[in-house]
Amino acid sequence: MKPTAPTARAAGLVACSVCHLLCPGKPAARPDGAHRCPRCGARLHSRKPDSIARTWALVIAACIFYIPANVLPMTTVTSLGAVQSDTIMSGVIYFVQSGSWPIALVIFIASVFVPLLKLAILGYLLISVQRQSRKRQKDRTRLYLVTEAVGRWSMLDVFVVTILVALVNLGALATIQAGPAALHFAAVVVITMFAAMSFDPRLIWDAWQAKETSDE
Amino acid sequence: MHLMACHECDFLQKIPPVPEGSAALCARCGSLLLRNKPKSFQRPLALLMAGAILFVMFNAFPFLTFKKGGLVHETYVATGIRDLADQGMPHLAALVAFNLLIAPGLHLLAFLYVLVPVSLNRRAPGMFRVFRYLRLLQPWHMVEIFMLGVLVSMVKLAKMAQIIPGVAVYSLTAFIFVMAAASAAIDPHEVWERWEAPR
């Protein structure tokens with residue numbers, strides 16, 4: 001028999017996902033049947049429940065919301081009767097044309113590039129886990145951690161809309177209205193944040209011993 | 001020596017005592033296991049108190065003012081949230097309010113609730129549960145992203161009018177740094193370890 005990596009699961013333990021307390025894997029029975037951390041009360045899971053299915057579902061949902069978020073108007077400016085709608089991309093193009101390309105770059109990265117990259121990376125991680133790939137596990141773990149940390153910055157455009165709506169609210173002279181894309185875009189950000197949270201990076205490492213030990 | 005499982009890869013390993021100012025990394029995947037920070041609650045508490053004052057300030061004082069000729073339109077941080085709700089987007093308004101006001105406010109309160117008794121060597125009822133909620137709340141508190149949004153909006157409107165930053169903008173900036181410094185000064189394990197210590 002080949003040696004297996006000493007994981008908490010192999011040792012019959014569960015590490016609490018919030019406070020990192022090592023708990024016995026087989027719980028003392030509780031009235032509600034849930035296995036909870038005795039210290040902080042978080043539910044204990046050796047691996048996040050249905051991680052792959054949940055993450056796929058959320059990734060697909062986010063992909064669907066991503067389309068209206070980019071096609072529909074993010075803001076509608078009404079100035080002295082003239083109405084102009086802007087999508088995310090037309091906002092970026094406006095900044096490029098007016099010369100403030102650093103701002104254009106910030107918006108492009110936060111609103112277009114990061115959400116797409118995040119969905120692509122989560123898809124790649126899911127497929128690699130499902131294929132029980134044992135390649136570059138360390139790099140994939142790091143990729144996951146970066147993806148999880150960076151996703152929230154996509155909320156930038158939603159905040160910009162909030163500020164513009166408040167500032168340019170001058171009655172008949174000029175107003176900015178939030179467009180339907182703002183809600184869809186916020187949904188993309190929130191759903192991808194949940195998708196990243198529901199993915200379990202420990203699955204990347206389970207392939208290490210999947211071939212030797214049977215899964216419990 | 002104590003036993004710890006890596007949060008990212010489940011690798012079980014023995015960790016020798018970590019000297020102050022150093023960190024332990026997972027031997028298999030290289031993720032951060034724990035960092036030994038200076039054992040003092042004075043600094044994070046002082047920063048959190050400052051954070052509480054700044055939180056009140058950025059809500060109470062004028063935020064950005066739109067000025068064009070004789071036309072002056074003053075806004076507060078909450079103005080945009082109210083306007084979004086008025087425009088028929090209550091969900092979006094609620095999300096922004098959560099990211100900007102509710103999550104940071106709860107974060108601050110929960111931190112103080114746990115740390116004030118701990119610094120006096122006592123325990124607040126349910127403090128470990130509250131400390132858990134605090135960790136779960138963290139990613140949803142997005143004041144620093146909002147601040148970048150302020151910058152983008154000011155550039156966007158620069159050609160249209162003069163945008164004057166008010167006291168709330170400076171308070172918000174200070175709040176971000178103070179809260180980041182407070183989080184950096186706290187060693188969460190120092191709180192969790194109280195669980196094993198006798199009362």
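Reply: Domain bounds come from an automatic or database domain assignment. Here, that gives domain 1 (1-46) and domain 2 (48-210) in chain A, with 33 Å between their centres, taken over C-alpha atoms. Bear in mind that this is a predicted model, where local features need pLDDT of at least 70, side-chain atom pairs count only at pLDDT 80 or more, and totals for chains, interfaces and linings use all residues. Residues are numbered from 1 along each chain as its sequence is written, while chains are lettered from A and ligands numbered from 1 in the order in which they are written.

Me: How do you know how many helices and strands chain A has?

Reply: Helices (H or I, at least four residues) and strands (E, at least two) are DSSP runs, numbered from the N terminus. By that rule chain A has 7 helices and 5 strands, in the sequence pattern β-β-α-β-β-α-α-α-α-β-α-α.

Me: Why are strand S4 (82-86) and strand S5 (174-178) of chain A called edge strands?

Reply: Two strands pair if DSSP finds at least two bridges between them. In chain A, the open sheet of 3 strands runs S4-S3-S5, with antiparallel pairing. S4 and S5 of chain A each pair on one side only, so they are the edge strands.
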